[in-house]
Amino acid sequence: FILILLDNYSVQMYRFRLGLSKFILPSVWLLLLAVCLLAPYYPELVAQYYTKGLFLYWTITLKRLFGWMPFAIGELVYIICIILLIINIIRYFTSLKIFSHFWQKIRFLSIKFTWLLVQLYVVFQFIWGLNYLQPDPTNAFQLKVHPPENAPKALAEMNELTYEIIQELNETKAILDSLKPIKKDFAQVAMDVRRAYTSSNTFKKQMIGQYPSIKKAIFPSWGDYIGYLAFYQPLTAEAIVRADLPILTQPYTMAHEMAHQLGYASETEANFIAYVVASESNDPFLTYSMLLQIFTYAQDAQLMLIAGNQGYNAWKSQIEKNKALLHPAVLKDRAEIKAFFAARAGRQIEASSKLYDQFLKWNQQAAGLASYADVLKWVRAYRLKTGSSTSYSR
């Protein structure tokens with residue numbers, strides 16, 4: 001950001017204008033670009049010096065600057081950035097009047113827009129994007145993730161996981177129903193999720209010095225059109241969550257966004273970290289929220305395998321079987337969540353979904369939007385390694 005400010009205002013710095021604007025600043029930008037382009041070849045160095053170094057201290061500072069504010073400043077920052085971007089583009093076009101020939105104008109615009117893209121790319125990489133390049137958590141957790149040998153084996157594994165999750169859902173729901181009812185709100189859920197992180201054996205060290213920064217979205221209805229439930233804002237290090245979401249979806253959503261705050265960039269990683277935190281937590285509300293989401297992923301994968309290999313009748317029969325295995329109270333909770341999204345179906349701008357899908361693919365997530373469900377293979381490997389489940393009867 002300092003470099004961008006110098007780029008914009010070096011003209012006013014008469015004493016240093018020539019050397020600063022023509023040689024020094026471009027050289028610094030190109031050096032940073034070279035670092036970004038070389039980073040994919042050194043994931044261990046990225047993890048050591050960026051994620052656990054520069055990014056860590058950058059986000060701790062940002063959380064202390066903005067975390068205490070009662071509203072999500074990050075959404076306002078995005079609006080300001082968009083306005084500034086539009087102003088810069090207009091400025092480039094108005095500069096064309098100094099050129100008399102068409103090709104001079106094209107050359108000027110090409111150089112300006114290319115340079116702008118370079119700057120935006122470098123800024124994005126250094127405030128967030130380099131996190132995508134670090135080794136995934138399977139290394140730290142020493143997980144052995146093996147693809148199934150064939151379709152029947154894949155279906156058998158997914159059936160096993162789905163039925164285990166169903167049992168745990170029923171057990172956790174019974175625990176919740178036996179407790180004294182407490183009406184949860186956004187602030188209470190955020191506090192509970194942060195407590196789950198700070199008390200987690202796996203992540204409590206990473207939480208040292210971390211200031212809480214989970215904020216309500218100022219414009220939650222925008223999510224219906226752009227297509228988000230929550231997002232991490234790297235310019236302010238805020239986890240911004242829609243407060244209008246069904247309360248049962250909020251704990252896992254917050255845990256997912258807090259994983260992003262710790263530098264777990266990909267959606268698969270954030271889902272997995274949220275799963276581990278919820279599994280280690282003694283909070284049945286967080287555990288239940290996590291199980292509801294993992295069951296959705298697992299059942300979708302199970303049904304896709306059945307539809308591809310056994311046909312419609314088997315697919316329909318499996319849905320009925322899963323419904324019969326789930327407790328009526330769990331089915332009721334799932335129906336309420338489905339109703340929330342059904343009421344908003346069709347609002348999302350199609351282009352926003354395609355753009356985000358492409359964004360994920362550009363950032364080392366080949367499956368795009370489908371990468372959210374990739375967490376299943378890690379979840380299964382983690383459960384096999386630890387011999388664990390979220391069952392309270394274990």
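Helices α12 and α16 pack with their axes 10 Å apart, at an angle of about 105 degrees. That makes α12 roughly perpendicular to α16, a label for angles of 65 to 115 degrees; under 35 counts as roughly parallel, over 145 as roughly antiparallel, and the rest as oblique. The axes here are lines fitted to C-alpha atoms, for helices over the stretch in contact, and the angles run from 0 to 180 degrees between N-to-C directions. On the α12 side the contact uses Ile294, Tyr297, Ala298 and Ala301, and on the α16 side Val375, Leu376 and Val379. Contact just means heavy atoms within 4.5 Å. By class, that gives seven nonpolar, no polar and no charged residues, where nonpolar covers Ala, Val, Leu, Ile, Met, Phe, Trp, Tyr, Cys and Pro, charged covers Asp, Glu, Lys and Arg, and the others, Gly among them, are polar.

A word on the ground rules: this is a predicted model, where local features need pLDDT of at least 70 and side-chain atom pairs count only at pLDDT 80 or more, while totals for chains, interfaces and linings use all residues. Residues are numbered from 1 along each chain as its sequence is written, and side-chain values use heavy atoms, with hydrogens and water left out.

Overall, the protein has 16 helices and three strands; these are DSSP runs numbered from the N terminus, helices being H or I with at least four residues and strands E with at least two. Among contacts with a separation of 6 or more, 77% are between residues 24 or more positions apart.

Back to α3 and α5, another helix pair. Their axes come within 9 Å and cross at roughly 95 degrees, so α3 and α5 are roughly perpendicular too. Here Tyr50, Leu54, Phe55 and Trp58 in α3 meet Gln125, Phe126 and Ile127 in α5, and the tally is six nonpolar, one polar and no charged.

Now the cores. A nonpolar core is a set of buried Ala, Val, Leu, Ile, Met, Phe, Trp, Tyr and Cys residues joined through side-chain atoms within 4.5 Å. The largest has 57 residues, and Leu169, Tyr197, Phe272, Ile273 and Ile294 have the most contacts inside it. Its largest share, 10 residues, comes from α12. Leaving aside neighbours within four places in sequence, Ile294 touches Ile165, Tyr252, Tyr275, Val375, Leu376 and Val379. A second, separate core of 23 residues includes Leu33, Leu62, Val122 and Ala237.

Arg242 lies in the loop between β3 and α10 and is buried, with a relative accessible area of 2%. Asp333 is found in α14 and is buried as well, at 7%. Their side-chain polar contacts are tabulated below; the term means a pair of N or O atoms within 3.5 Å, and within protein one must be able to donate a hydrogen and the other to accept it, with residues adjacent in sequence counting only if both atoms are side-chain atoms.

| Side chain | Partner side chain | Polar contact |
|---|---|---|
| Arg242 | Asp244 | 2.9 Å |
| Asp333 | Lys173 | 2.9 Å |
| Asp333 | Tyr288 | 2.7 Å |

Beyond four places in sequence, Asp333 is in contact with Lys173, Leu248 and Tyr288. For Arg242, such contacts include Tyr228, Phe340 and Arg344.

Key: Buried means under 20% relative accessible area, exposed over 50%, partly exposed in between (1.4 Å probe, protein chains only).
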